[in-house]
Amino acid sequence: MTTIGDTAVGTGAEEDVGWPVPSSRSRDLYRRANAVSPGGVQGEGRGATPYPLFMRRAQGARIWDVDDNEYVDFHSSFGAVLLGHNDPRINAAVRRAMDEHGVSFSAANPLEVELGERLIGMVPSAERVVFSNTGTEATYHAIRLARGFTGRERILKFEGNYHGWHDYVAWSHHFATDEGDGVPTPVAASAGIPEAIRELVVVREYNDAAGVQEVLEHEGDTIAAVILEPVFHNAGAVLPDPGFLETLREACTAAGTLLIFDEVITGFRHGPGGAQGRYGVTPDLTTMGKALGNGFPISVLAGRADVMDHLGPKGDVLFAGTFAGQALGCAVALEVTSVVQEGAIHTHLDRLGERLTSGIQAAIEATGARAQVRCIAGVWTVYFTDEPIRRFRDFARFAMDKNHPVQRGYRNWLLERGIYVHPHYMIRGFLTGAHTDDDVDRLVQATASYLEANRDLLARPASDR
């Protein structure tokens, strides 16, 4: 076990490691949960050592666990909560929808039409839209559509970019790279993915525009789509190099390959038009979700009319779903997009983001820590390295699991001070419309005290810790 500051951390068995806050009720629930669910949680993203903290309530920028610990919540449901938990405007829209419409008809309804018109007016690439419920569904449909439209089967994706859990894209999104600086090869993210799919996936490094150009010049006639996170939020806040997105757009157009922006995180958080609106690069297809529902399940596939019209029932690419366009999700999304169009939420996120980064950067400089802080559109991250990070491998060299001692120590330090950052293989948080200056200052002060308490350790290169 390693001691970071005043917090003991480690990766051993449950009895060796505990939380720095009262957690006996979470421990007891975990024991019960293990009897009903694999690993005691609903998916890998919720797992934690020695057990997850079970949350029971959230309001605004606060969250409470079952042991009645209150935290400033910077997890924000993996960024799905844009306006804040239980936002009264969203709650009112839900109640109206329940009273005036219902939850789901599995039949055409007027709200899906209104929402479609709204999104076509907001998102540059959106000439047609269809609705589903999760980001994974949206990327699945996008890739099937790209294959149906182009008559090609292969896709190109980027190391570390996450596009959901389906077989088409669950490659090379989180793995221990041992290839140095060699050309990436597809690494399956799960058992059970047919080996044959590997031949349909080409992997390159984020920000490697030349590598993508080369592939498309030589193999473009086999590649249906290039799919990426336009801003690499699955590694925190890695921005596209100047010209990277523009080069992808040009190369895809030249090869007849569709360009897909996965804006499940960036959509509506980066502005009314998402990252494509921010950077002025328009893809052929776009997937969106998370912030659109402020915690309610809804996702979107949008794109060029001539491509989208290949979806059924108009075209020959199957699109279906019992809950596609469900009334409740559409009602929520209409309210969210109304708030987004006003623009105040993005001014708020940018202002808080600047306050956060300037405060933590000052603490980094004062302590000499080999660390860096980034924030864009309210997505913030602290990297405990001073090396440049512009691709997945830059990140993977210093942190690859939830129990990385420095990162776990930092999260636990924050937890003791009433701040929740979700256990993940990186430090990443999301600001919302409900966060305040005081919330950000609390995070800055806690971070500064952590850097000071671990001054000697964090002055060493990340590889020597």
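This note goes through ring pairs, charge-ring contacts, strands, helices and one proline in a predicted model.

1. Basis. The model is predicted, so local features need pLDDT of at least 70 and side-chain atom pairs count only at pLDDT 80 or more, while totals for chains, interfaces and linings use all residues. Residues are numbered from 1 along each chain as its sequence is written, and side-chain values use heavy atoms, with hydrogens and water left out.

2. Aromatic pairs. The whole structure holds 14 aromatic pairs (rings of Phe, Tyr and Trp, the last by its six-membered ring, with centres within 6.5 Å; planes under 30 degrees apart are stacked, over 60 edge-to-face, the rest tilted). One of them, Tyr30 with Tyr51, is tilted, at 6.3 Å centre to centre and 35 degrees between the planes. This pair links distant parts of the chain, 21 residues apart: Tyr30 is in helix H1 (residues 24-34) and Tyr51 in the loop between H1 and strand E3 (55-59). Helices (H or I, at least four residues) and strands (E, at least two) are DSSP runs numbered from the N terminus. Both Tyr30 and Tyr51 are buried (under 20% relative accessible area; exposed is over 50%, partly exposed in between, with a 1.4 Å probe and protein chains only).

3. Phe384 and Tyr450. These two rings form an edge-to-face pair, 6.0 Å centre to centre with 70 degrees between the planes. Phe384 lies in the loop between strand E14 (379-383) and helix H11 (392-396), and Tyr450 in helix H13 (residues 437-453), so the pair ties together parts 66 residues apart in sequence. Phe384 is buried at a relative accessible area of 1%, and Tyr450 is buried at 0%.

4. Ring cluster. Phe158, Tyr206, Phe232 and Phe244 are linked into a cluster by ring pairs.

5. Charges over rings. The charged end of Arg57 sits over the ring of Trp64, 4.4 Å from its centre, and that of Arg147 sits over the ring of Tyr168, also 4.4 Å from the centre. The criterion is NZ of Lys or CZ of Arg within 6 Å of the ring centre and within 35 degrees of the ring normal.

6. Open sheet. E3-E4-E5-E15 is the order of 4 strands in an open sheet with mixed pairing (two strands pair if DSSP finds at least two bridges between them). E3 and strand E15 (419-420) are the edge strands, each pairing on one side only. Strands E4 (residues 62-65) and E5 (residues 70-73) run antiparallel and are joined by 3 bridges. Trp64 stands opposite Glu70 in E5.

7. Strand E9. Here 6 of the 6 residues of E9 (residues 223-228) are buried, so the strand is largely enclosed by the rest of the structure. Strand E7 (residues 154-158) pairs with E9 in the parallel sense over 3 bridges, and Leu156 has Val226 in E9 as its bridge partner. E9 also runs parallel to strand E10 (residues 258-263), joined by 4 bridges; Leu228 has Phe261 in E10 as its bridge partner.

8. Pro124. This residue lies in the loop between helix H3 (110-122) and strand E6 (128-132). Pro124 is partly exposed, with a relative accessible area of 43%. The C-alpha atoms of Pro124 and Pro272 are separated by 9.7 Å, although the residues are 148 apart along the chain.
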